[in-house]
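Trainee: I have just opened this model and would like to learn how its features get their labels. Could you take me through some of them?

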Amino acid sequence: MPVRLLKTVSGKSETPLPSHLQKEDLKHLQEGFDHTNKYFKGVVVLSYPLMKLGDGTDFFKVVLQDLDNWISRNNSINILLYGKMAEDCAKVTRHGDTFAVAGFKVAKSPTAREDGRHGCHLEVSEEAGSTIYIYTVSSTVSETASVSVAPKYVYTPLNRLKDGTVVNLYGVVKFFKPPYVSKGTDYCSVVTLVDPSNVKLTCTLFNGNLDFLPKIYKVGDIVRFHRIKIREYNGQMQGITSAGFASLTFDGTVGAPVVPRTSSKVYTFMDEEQKIIEELRVWADSNLCIFGPAAKLAGVQPMIFFDLTCQLVGKAKVDGSSFLLKVWDGTKCPYPTWKVPVEARDLEGEKTLLHQLRNLTVDILVYDNHVQLAKSLKIGSFLRIYSIHTKQASSDKDDVSCIEFHLHGGTCYGRGIGVLPETNPDVKELKVFLGSVDLADSQNMESMSSLELDSTDLESHLQRCQELSVTVLTDHQDLKDTELKTILNSRAPQQYRIRAKLRTYEPQKLYQCIKLHCSKCNSLWEVPGGDDFDLILQGSAVTAPNLELHNTSWYDSVMWTTEDQKQRKITIHFVKHDEMVQQPEDTLIMIEGGTLKEIWKLTKRFKCVIPVRSTEDDLELLDLSAPFLLQGNIKYYGCMRCSTPKPIECLSSIAAEQQPSWEPTEIARVLGIEPLQYVFVMKFTLVDGTGTLNAYLFDYEKFFQIPASEILTNNFLQQKMQMTMNTLCPPGRKLDDLPWLECFIKSYNVRDVMKQQVYYQIFDTTVAEDVV
């Protein structure tokens, strides 16, 4: 059979490979050479999930690292398996296994530039006569026996690490980012370690299998890394995964049981290592600022970031970039919480339990790179969600304001989601507490609203509801209501408080109400379409990159030629800080020659993207009809009247700051750009029985409690705005059945060539929270 398992005892295989096979070195694997009777041998350092290609063929990918050359830069190669061999191999492959591959085809690797591996890959299949030999430890050797004869490992203090070495080490977690999907298909985890030598080591760990990354749950955990590669960059040591990398994680709490967390079934752990862990616990307890247990929902406040240990009871897809998690921890949030509007059929979870816990659950909206993991979570699992943001729905209301829970995209400040096993001490404690919660008491919290009403009470209740306004006044409470008739007969300028109904509004297609506004010249601009931007990019790609502008003191440059017919040259300039390129989520990049599709991909990985083109002397911005900056899903534009663009070199002043923020307003300032702001511009036709008045809404985010800058790229926010307008002005309803709006409006004069006219604008008014 094409996949063969070879048992090994004391490091030697019981069954030798066929005598006609000769070992091939990694450096000799090239296209066009005869490898008929050759085999390549390496250790599995990455494996990817089994998948099906477009034609239904099974496909499995592993990465083998050369056994004889661990320190070389390009010491690993991709192995692509097809058909039955892929299916069989995926069932038995484990991280750290030794593979021998025979009967392979050598082909050029299209991903070599991205993954830094060998320029070729090996293709194997049963149809091609390929064979995979997997070396396994004999089952006759017990785990106990393997531990007793295990070598004694040497652990290197963090202050004695040397560039290019592969070492074993212990460290206390000072900072970490929960695993997230990297640029490719691998998972990545970033961990910063410290030890009593007072040296810090940041490790970037990759693996195609999430289970093989360290199971870190909190700052203060202790990790043991075996075979981690050390490299020096700008005078600082960094750790990266290498062949045979393995990890154990321990609770860093003084006195806690010394029980390792690992997905490996076989590992060594010597008695003297327990002493290392206990000493590190005592040292960390005295020398590190380690946070206590995660916050409870009962203790949260608006506008904070916190970690939450909780149980998942419901989940639902919201839109392409966000996902809903319904969680509880047995305590009740002291503020009214935002309930994300989703269809009942889209909500996963036990309906009875969701109803019972409706007063104790909170809705957490997770975004962007966290969505994929959120979708895979199992209902009932226990989670630790890191760096949740509690956002106040309206900053103008008092303590009764509701709050929203958001897990923003990216991995800054350790944002992410961790799944905790039921053996975790925090989970055990939480399960006991959840079991003690009296759900009957939580139901009594809403007893008044659930009382049955007789027909008289119901009629008066409905009447009161109709009289309530669906908007909220945020200032000028001294103003009294004024009839529209009086306002229409009064001179401008003045301010009024009114109570009216919204008979109609324009534009009906809500996306058309988003405009760009210049606060300096007070001009309004239409938001350019994506096709316009794409045409500008195509025009700029005609200009070849100026190689003399590459790799300056404040940015590094990478250029490549596309493999399509156009042979485009694309250049990316990575802005540095302290002579180092930062983590992608903190980095500003500049791109030449990219398409719109390529730029959007980059915005998902890097903090800021600026499209540029080369001149003889410097890089420069594109035409100001194109965005000068892209950040996340938002395109930032500059006013063509008021802007005086400066050379890109001016950005180096921000890069030189101690903590570059790369905020759009600061970038615009140093580049001489007068930024345009996204605004809602709408016309409301208001009636109150005494008259009809047209009032304009000119608002950035206060009225709808939605940022105008995000509405065009977020389907969920668009739906939320449409639902709001359907509440303010229900389609098909008679005038008497429309809800009341309380608004502040101001009158002002506008003089044109012919005459002076009076206009009216809504201000200091917001939609009520129970509407949005």
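Trainee: Which strands do the buried residues of α4 pack against?

Mentor: They pack against β12, β13, β15 and β16. Keep in mind as we go that this is a predicted model. The buried residues of α4 are Glu-273, Ile-277, Leu-280, Arg-281, Trp-283 and Ala-284.

Trainee: What makes the sheet with β12 a barrel?

Mentor: Its 5 strands close up in the order β12-β13-β14-β16-β15, with mixed pairing. On average, neighbouring strands of this sheet are turned by 50° against each other, direction ignored. Helix α4, residues 271-287, packs on the sheet, and its direction makes about 60° with that of β12.

Trainee: How do you know that β12 and β15 count as paired?

Mentor: Two strands pair if there are at least two bridges between them. Strand β12 (residues 166-181) and strand β15 (residues 222-233) are joined by 6 bridges, so they count as paired, and they run antiparallel. In this pairing, Tyr-170 stands opposite Arg-224 in β15.

Trainee: How does the span of α4 compare with the one expected at 1.5 Å a residue?

Mentor: The 17 residues of α4 reach 25 Å from the first C-alpha to the last, close to the expected 24 Å.

Trainee: Let us turn to the rings. Why is the pair of Phe-59 and Tyr-82 called tilted?

Mentor: Two numbers decide that. For Phe-59 and Tyr-82 the centres are 5.3 Å apart and the planes stand at 55°, so the pair is tilted. Phe-59 belongs to strand β6 and Tyr-82 to strand β7, 23 residues apart, and the pair links distant parts of the chain.

Trainee: Are Phe-59 and Tyr-82 buried or partly exposed, and why?

Mentor: Buried means under 20% relative accessible area, exposed means over 50%, and partly exposed is in between. Phe-59 has 13%, so this residue counts as buried. Tyr-82 has 24%, so this one is partly exposed.

Trainee: What makes Phe-684 and Phe-703 an edge-to-face pair?

Mentor: Their ring centres are 6.0 Å apart and their planes stand at 65°, so the pair is edge-to-face. Phe-684 lies in strand β35 and Phe-703 in the loop between β36 and α16, so the pair ties together parts that are 19 residues apart in sequence. Both Phe-684 and Phe-703 are buried. Together with Phe-680 and Phe-704, they form one aromatic cluster.

Trainee: How do you know that β36 pairs with β35 and with β38?

Mentor: The bridges tell us again. β35 and β36 are joined by 8 bridges and run antiparallel, while 2 bridges join β36 to strand β38, and those two run parallel. At least two bridges are needed, so both pairings count. Thr-685 stands opposite Asn-694 in β36, and Leu-697 stands opposite Ile-762 in β38.

Trainee: Which residues make up the covered face of β36?

Mentor: Leu-693, Ala-695, Leu-697 and Asp-699 do, while Thr-692, Asn-694, Tyr-696 and Phe-698 make up the uncovered face.

Trainee: Why is His-550 called buried?

Mentor: Its relative accessible area is 13%, under the 20% cut-off, so His-550 is buried. His-550 sits in the loop between α12 and β27. Leaving aside neighbours within four places in sequence, its contacts include Tyr-555, His-573 and Glu-592.

Trainee: Which residues have the most contacts inside the largest nonpolar core?

Mentor: Met-590, Leu-651 and Ile-667 do, in a core of 107 residues. Among the contacts of Ile-667, leaving aside neighbours within four places in sequence, are Leu-588, Phe-628 and Trp-662. A second, separate core has 24 residues, including Val-300 and Tyr-335.

Trainee: What makes Asn-198 worth a look?

Mentor: Asn-198 has a positive phi of about 60° although it is not a glycine. Most residues other than glycine have a negative phi. Asn-198 is found in the loop between β13 and β14, and at 67% relative accessible area this residue is exposed.

Trainee: Where is there a cis peptide bond?

Mentor: The bond from Ala-492 to Pro-493 is cis, with omega near 0°. Another cis bond joins Glu-506 and Pro-507, where omega is about -5°.

Note on methods:
Residues are numbered from 1 along each chain as its sequence is written. This is a predicted model: local features need pLDDT of at least 70, side-chain atom pairs count only at pLDDT 80 or more; totals for chains, interfaces and linings use all residues. Side-chain values use heavy atoms; hydrogens and water are left out. Helices (H or I, at least four residues) and strands (E, at least two) are DSSP runs, numbered from the N terminus. Axes are lines fitted to C-alpha atoms, for helices over the stretch in contact, and angles run from 0 to 180 degrees between N-to-C directions. Contact means heavy atoms within 4.5 Å. The expected span of a helix is 1.5 Å times one less than its number of residues. Buried means under 20% relative accessible area, exposed over 50%, partly exposed in between (1.4 Å probe, protein chains only). A nonpolar core is a set of buried Ala, Val, Leu, Ile, Met, Phe, Trp, Tyr and Cys residues joined through side-chain atoms within 4.5 Å. Rings of Phe, Tyr and Trp (its six-membered ring) pair if their centres lie within 6.5 Å; planes under 30 degrees apart count as stacked, over 60 as edge-to-face and the rest as tilted.
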